[in-house]
Amino acid sequence: MKKRKPLYEQLMLHKRLDRSSFHTPGHKCSDFLPPELLSLDYTELPDTDALFEADGVIRECERSLSVLYGTADSFISAGGCTLAIQAMLRAAKRQGGRLLLARNAHRSAFNCAALLGLDPVMICPRSSNNYTGRVSPDDIEAAFEREPDITACYITSPTYYGELCDISAIADICHRHNAILLVDNAHGSHLAFMKENLHPIALGADMSACSLHKTMPVMTGGAALNVRTPELAESAKADMSLFASTSPSYVIMASIDLCIDYMLYGSGKKDYLCCEERVSALGQLAGEKGIIQPSGKCDPLRLTLNTASCGIAGGDRQQEYFSSHGIDCEFCDGENAVFICTPFNSEKDFDRLRRAIEDLPPVKAPARSVRSRTAPSKAMTIRSATLSPSETIPVSEALGRIAADTSCPCPPGVPVIIPGEMIGRDTIQLLMSYGIDRIAVVRGEAEKNK
């Protein structure tokens, strides 16, 4: 029989599975958010303020958010981190020069580049083991030397696997070249509350997009735009309103308010430090078993395990293994399993994850990724390709065609191919390994490089 309320009923079925959530959102569907929150679904009223003309309670909430993160100003987003990313790129556009953009950016950044007509200078991260790797300060310095008209640099840190860039060094380079540093910190809102303050703003970034809901006790869609300097803060709210809905969710905004109170006046900072110790112990346990994890400085609350080295490869097999231990992962890419931990994971959750690590088979040999790490060649600007007439064809027939849209698995949302790039054999292989079998290409372009 057809379900009358298919989404609602499926969510209720999933809830009854009683799995341990090591994925977003950060509140883990715990009782931190009070039940009466759902009864506060109001709109702009004389006494409830208005997000993009805020001068009352919402502005007071944003000032508290600024105190929490130590910024010149901070701004609430009820439209997720995407809205904060869009505002950062609007600020980059206003700088007047070119944008240096890391190729491992989220698809929302490339979509916004198309809307704003940005033609970025691309820089690729240096891969590490089986992971996406970090953008190197040396490569950023070299990019400024090659392209002296760069006025803004946009990077992602942490990566989906938890790798952290050297923000301090990159910020110094950008400021020496009179450029601003923008950081997609979607998965790192909690980094300000670790033993070492690893938040991009504290390390010198000029703006950061922080997806509060991913690792903090905030409803999905709750995010923040953090701004280090008053000059950039002046136009930030207007930049956000250019892209945002005129009907922001008061329920989401109220959940941000509750989170700020918890972090500023409650046990939040202590709870996050305790969680950091627990995740460190789990990482040490995995290390003692020889399981490959990302090297270098990483997000203290993210656990990334290369299960392929233990003989558990393929996304379905990975999911089945952890499901058998009562766990839902954030992401399995066929080689690595990613777990997002927060203080709202229960004792039972951490016990399940510890047992799952203990039960992993012995490491056989380090598994090496066969996925392409080099960016495809550029044939058109992002905007031109996005706005060109297009057609959707099988990936297997796309060799030599020009992509007309971002194509990627989500999670993690990092495009395998972006609009304007030429589709090569490596790209086809990678897309098909992710189960992507159709792709939008620019219509009328002759097939090349077959």
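# Reading selected features of a predicted model

Me: Pro158 is placed in the loop between strand E7 (150–156) and helix H6 (167–176). Is the peptide bond from Ser157 to Pro158 cis or trans?

Reply: Please bear in mind that this is a predicted model. In it, the bond that leads from Ser157 into Pro158 is cis, with omega near 5°.

Me: What is the omega of the peptide bond from Thr24 to Pro25, and which form does this bond take?

Reply: Omega is near 0° there, and the bond from Thr24 to Pro25 is cis. Pro25 belongs to the loop between strand E1 (20–22) and helix H2 (57–69).

Me: Is Cys29 buried or exposed, and is Asp49 buried or exposed?

Reply: The relative accessible area decides the matter: a residue is buried under 20% and exposed over 50%. Cys29 has 67% and is therefore exposed. Asp49 has 11% and is therefore buried.

Me: Which residues in H3 and H9 meet?

Reply: From H3, the residues are Leu83, Gln86, Ala87, Arg90, Ala91 and Arg94; they meet Ala236, Asp239, Met240, Leu242 and Phe243 of H9. Sorted by class, this contact of H3 with H9 has seven nonpolar, one polar and three charged residues.

Me: Now for a strand. Which way do the residues of E14 point?

Reply: In a regular strand, side chains alternate between the two faces of the sheet. In E14, Asn336, Val338 and Ile340 point one way, while Ala337 and Phe339 point the other way.

Me: Why is strand E14 largely enclosed by the rest of the structure?

Reply: Five of the five residues of E14 (residues 336–340) are buried, so the strand is largely enclosed by the rest of the structure.

Me: How many bridges join E11 to E14, and how many join E13 to E14?

Reply: Strand E11 (residues 302–306) is joined to E14 by five bridges, and the two run antiparallel. Strand E13 (residues 331–332) is joined to E14 by two bridges, again in an antiparallel arrangement. Ala337 of E14 has Leu305 opposite it, and Cys332 also stands opposite Ala337. E13 and E14 form a hairpin with three residues between them, and Gly334 in the turn has a positive phi of about 100°.

Me: What is the order of the strands in the open sheet, and which strands stand at the edges?

Reply: The open sheet has three strands in the order E11-E14-E13, with antiparallel pairing. E11 and E13 stand at the edges, each with a single partner strand, so one side of each has no neighbour in the sheet.

Me: Which helix packs on the sheet?

Reply: Helix H12 (residues 315–323) does so, touching E13 and E14. The direction of H12 makes about 45° with that of E14.

Conventions:
Residues are numbered from 1 along each chain as its sequence is written. This is a predicted model: local features need pLDDT of at least 70, side-chain atom pairs count only at pLDDT 80 or more; totals for chains, interfaces and linings use all residues. Side-chain values use heavy atoms; hydrogens and water are left out. Contact means heavy atoms within 4.5 Å. Helices (H or I, at least four residues) and strands (E, at least two) are DSSP runs, numbered from the N terminus. Ala, Val, Leu, Ile, Met, Phe, Trp, Tyr, Cys and Pro count as nonpolar, Asp, Glu, Lys and Arg as charged, and the others, Gly among them, as polar. Buried means under 20% relative accessible area, exposed over 50%, partly exposed in between (1.4 Å probe, protein chains only). Two strands pair if DSSP finds at least two bridges between them. Axes are lines fitted to C-alpha atoms, for helices over the stretch in contact, and angles run from 0 to 180 degrees between N-to-C directions.
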